[in-house]
Each structure stands twice: as structure tokens, then as C-alpha cells.
Amino acid sequence: MDGMKILVINCGSSSLKYQFIDMKTEEVLAKGLCERIGLENSFVKHTKHFNGDDSVTLNKNLSDHKVAIKEVLDLLIDAKYGVISNMSEISAVGHRIVHGAERFKSSTLIDDKVIEGLKDCIEIAPLHNPPNITGIEACMHLMPGVPMVGVFDTAFHQTMPAHSYMYALPYEYYEKYKVRKYGFHGTSHKYVSERAAILAGKPIESLKIVSCHLGNGSSVCAIDGGKSVDTSMGFTPLEGIIMGTRCGSIDPALVTYIMQKEGLDIKAMNDILNKNSGILGISGVSSDFRDVLDAAEAGNERAAQSIDVFCYQVRKLIGQCAAVMGGIDIIIFTAGIGENSGTLRKTIVEGLDFMGIGIDDTKNSVRGEEIDISTDSAKVRTMIIPTNEELAIARETKRIVRK
Ligand code: ADP
């Protein structure tokens with residue numbers, strides 16, 4: 001069973017990311033990305049990791065997800081770019097699924113009943129779940145008999161107590177529409193917190209951890225004894241911290257106010273909150289933190305302000321997590337920004353020395369590896385833990401298939 005080779009699929013509306021992992025060594029044998037599925041100029045970028053890396057970008061007519069997955073399977077068995085000789089070497093497929101609502105509290109083997117359940121969740125995740133389901137159905141069609149496992153971004157947060165997930169809206173909306181906080185990035189928060197406990201050499205059950213997943217989408221999670229007790233994202237991934245293009249938490253009254261002032265309909269307002277706000281909205285420069293940091297350095301005040309807002313909000317969330325858990329043992333930085341930007345890590349924890357938090361400048365200059373970057377005297381361990389959602393999904397898939 002350790003010789004399992006698992007294909008991990010992450011299906012977006014017009015893209016599909018994949019990794020093919022040998023579970024014996026946990027090595028990535030091949031990985032890639034299909035872009036512009038269903039659009040003009042679609043292509044696959046595929047990398048084979050065998051005796052060095054070998055990448056190829058192929059322009060293909062990826063008319064839908066089924067065609068894209070067929071292309072991926074053909075590449076995996078291709079004489080030149082492939083890493084297996086036969087499709088039967090694919091032991092199982094792990095699918096990233098964004099929203100499992102209250103129905104899916106952990107990873108699950110996918111059967112027709114589960115697909116029905118996922119379809120029921122579409123109503124509360126209209127943007128994310130349909131492409132996930134399309135990917136699963138395409139894989140089931142192309143790989144009949146191969147076990148498929150669903151791993152949910154929301155599952156890890158199902159341990160949150162009601163006082164952290166209830167919104168103060170009429171209770172009937174919770175009953176009728178399941179309106180509550182769900183939280184996202186769960187696979188990442190779980191993975192990095194388990195790695196951090198190992199790095200600290202302590203059982204996770206004894207630790208109070210704040211996990212800061214800072215990427216294009218960002219969320220902070222309070223993890224007490226290995227369980228999520230609160231997180232910044234909510235009913236959707238729009239709540240919480242200001243992100244690349246998402247506004248994060250704002251006064252809800254602003255939604256109707258701006259709709260009225262600008263004469264916007266629901267779709268236009270949704271686009272503004274999700275696509276035109278955040279770092280991009282304030283800075284007017286870009287949604288990419290590297291561009292915005294460069295602009296701030298060159299004297300662009302709005303760029304600097306957007307970065308200040310971001311760091312301030314993450315710092316405030318660390319304080320909230322401390323209050324929620326009655327202390328902090330470890331702070332984790334992960335994802336694109338958390339792993340790569342020493343400047344932002346340093347700014348975020350500025351002034352938190354009163355809580356026993358302190359970062360060592362030399363250690364903080366490290367990138368892309370698991371490291372404790374705290375000062376020797378700090379009471380709280382601050383760590384960089386690169387996330388690996390694909391590996392976490394593959395491990396979950398192996399665990400479920402083994403059962
Ligand atoms: P996603 O949420 O799409 O998985 P990532 O975790 O890859 O995103 O994070 C992407 C973000 O990380 C981008 O905004 C990018 O600007 C930022 N990023 C990557 N490297 C750096 C860096 N050296 N400094 C600051 N930000 C960085």
C-alpha cells in the first residue's frame with residue numbers, strides 16, 4: 001500500500017492544477033497546470049521530476065475539464081514526459097473541494113451519495129464547488145474503479161464552537177440557509193500546525209498555535225490542542241483580512257450604501273468586493289504584494305498604506321487569537337507572502353514583544369524552509385512553515401483509501 005501513487009487534482013472554474021505523488025517517498029513525480037479551460041488559447045504546463053526537472057508547455061484545445069484531465073492522464077503515461085507506463089499505476093485520486101458545509105466534517109471516499117451531497121453544497125459555494133464537482137465527475141468517467149477522495153478546505157474548522165461560528169443574524173437564516181462561519185484554508189492550517197508541533201518537539205495537543213496563511217487569499221486560524229477554534233474567513237473566503245483583490249471584513253452597511261450610490265446590481269457589487277478591492281483597491285497598483293511593496297519603496301503612498309492596513313489587520317488577528325485561546329505558544333507564517341516576505345513578517349509582529357513575541361533578523365532572512373525564526377529570549381516560537389496542500393491531500397487520500 002505504501003507503493004501507492006496518488007494523483008491530486010485542484011479544479012478551478014477555468015484552471016486545473018495537478019500533482020502526481022509517490023507515497024512511498026512522498027516525492028512529486030510530475031505536476032502541472034491546465035489554464036484557460038473552455039476558453040481560447042488554452043494550454044497545459046507539465047513538469048516531470050525525474051533525473052532533474054523537465055518542463056513542457058503544450059497549446060491544446062481544452063474545451064472542458066474532461067478534455068483537460070484526459071490530457072493530464074495522457075501526459076502521465078507519455079513516452080517522453082510521462083512517469084508511469086500504464087494508467088493502472090494511479091492508485092487513487094485526491095480532490096481538493098472548497099466547501100463541505102456542515103455535511104462533510106472530514107475527508108471522504110466519493111460515491112454517488114457524496115456527489116449528491118456536494119451538489120447540495122453548491123448553493124452556499126456557487127463559485128467554487130461546481131468546478132470541483134466537474135473535475136470529480138470527469139475523473140470518475142476517465143478512471144472507472146479508481147478510488148476518489150474529497151478533501152475539504154472547510155473540514156478542519158468544523159471543530160469551531162458555536163460562539164465563534166454564529167453570525168448575529170435572525171436564527172432562521174442559519175436554519176434555512178446554513179448561514180454561519182465555515183472558514184477555509186483548512187488543509188493548509190492543519191498541515192502547517194502539525195509540522196510546527198514536530199519542529200517544536202511537542203505534542204500538538206499541548207500547544208496553542210496561531211497559523212497565518214498569507215497568500216493571494218489570506219486567513220489566520222487559532223488552533224488549540226490541534227483543533228481549529230476560530231478563523232478569520234467566514235461563510236465565504238471574503239471575510240477576514242484584506243487580500244490581493246478581496247476586501248476582507250468591512251462594515252456590512254457599506255454594501256447597500258455603495259450599491260445605492262453607484263447604482264450597482266448584485267453581480268457588480270460582488271465583483272467589486274471580490275476582484276477590485278483589497279491591496280489592489282487601496283493601492284491602485286496591483287494585487288501582487290511584490291509589485292505593491294516595490295511601489296511603496298519607490299514612494300507610492302497608497303501602496304504603503306495598503307501594506308500598513310494588511311500588517312495591522314494580521315497583527316490584530318494574532319491578538320484576537322491570543323485572547324480566544326488564553327495565550328500563544330507558536331505563530332506560523334505560511335503561503336506566498338508568509339513564506340517569502342521577511343519584511344512583512346517583521347512588520348506584522350512589530351510591537352508584540354509585550355506578548356513574548358520576537359523575530360531574529362538573521363533567521364528571518366531565510367526562505368522556503370521550515371525554521372524557527374524567534375529570538376532566543378522570545379517566549380512564543382515564531383516559525384516559517386512552507387505549506388504543502390497537495391501533499392496533505394495525498395496523505396488524506398491514502399488514509400481514507402486504506403480504511
Ligand atoms: P495562492 O493563495 O494563490 O495559493 P500564494 O500562496 O502562492 O497564493 O501567494 C501568492 C502571493 O504571494 C502573491 O500576492 C505574491 O505577491 C506573494 N509573494 C510571493 N513572493 C513574495 C515575496 N518575496 N514578497 C512578498 N510577497 C510575495
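An open sheet of 6 strands runs in the order E11-E10-E9-E12-E14-E13, with mixed pairing. Its edge strands are E11 (227-231) and E13 (371-372), each of which pairs on one side only. Here helices (H or I, at least four residues) and strands (E, at least two) are DSSP runs numbered from the N terminus, and two strands pair if DSSP finds at least two bridges between them. This is a predicted model, in which local features need pLDDT of at least 70 and side-chain atom pairs count only at pLDDT 80 or more, while totals for chains, interfaces and linings use all residues. Residues are numbered from 1 along each chain as its sequence is written, and side-chain values use heavy atoms, with hydrogens and water left out.

Strand E9 (residues 208-214) runs parallel to strand E12 (residues 330-334), and 5 bridges join them. Within that pair, His213 is opposite Thr334 of E12. Helix H6 (residues 186-200) packs on this sheet, where it touches E9, E10 (218-224), E11, E12, E13 and E14 (381-384). The direction of H6 makes about 125° with that of E12. Contact means heavy atoms within 4.5 Å; axes are lines fitted to C-alpha atoms, for helices over the stretch in contact, and angles run from 0 to 180 degrees between N-to-C directions.

E12 also pairs with E14, in the parallel sense and over 4 bridges; there, Ile331 has Thr382 of E14 as its bridge partner.

Strands E2 (residues 16-22) and E3 (residues 27-35) are antiparallel and share 7 bridges. Tyr18 has Gly32 of E3 as its bridge partner, and Leu16 stands opposite Cys34 in E3. The hairpin of E2 and E3 has 4 residues between the strands, and Glu26 takes a positive phi near 60° there. E3 goes on to pair with E4 (residues 43-49), again antiparallel, over 6 bridges; the partner of Cys34 in E4 is Val44.

Finally, the ligand. Which residues are the closest to the ligand? They are Gly215, Asn216, Asp288, Phe289 and Gly336, out of 14 residues that surround the ligand; a residue is near a molecule if one of its heavy atoms lies within 4 Å of it. The table gives polar contacts, pairs of N or O atoms within 3.5 Å; within protein, one must be able to donate a hydrogen and the other to accept it, and residues adjacent in sequence count only if both atoms are side-chain atoms.

| Residue | Protein atom | Distance to a ligand oxygen atom |
|---|---|---|
| Asp288 | side-chain N or O | 2.3 Å |
| Gly336 | polar backbone atom | 2.8 Å |
| Arg290 | backbone N or O | 3.5 Å |

Taken alone, the ligand exposes 580 Å², of which the protein buries 74%. These areas come from the Shrake-Rupley method with a 1.4 Å probe; for residues, only the protein chains shown count as cover. Helix H10 (289-297) and helix H12 (335-340) are the elements that give two or more residues to the shell, and H12 supplies the largest share, 4 residues. By class, the shell has 4 nonpolar, 7 polar and 3 charged residues. Ala, Val, Leu, Ile, Met, Phe, Trp, Tyr, Cys and Pro count as nonpolar, Asp, Glu, Lys and Arg as charged, and the others, Gly among them, as polar.
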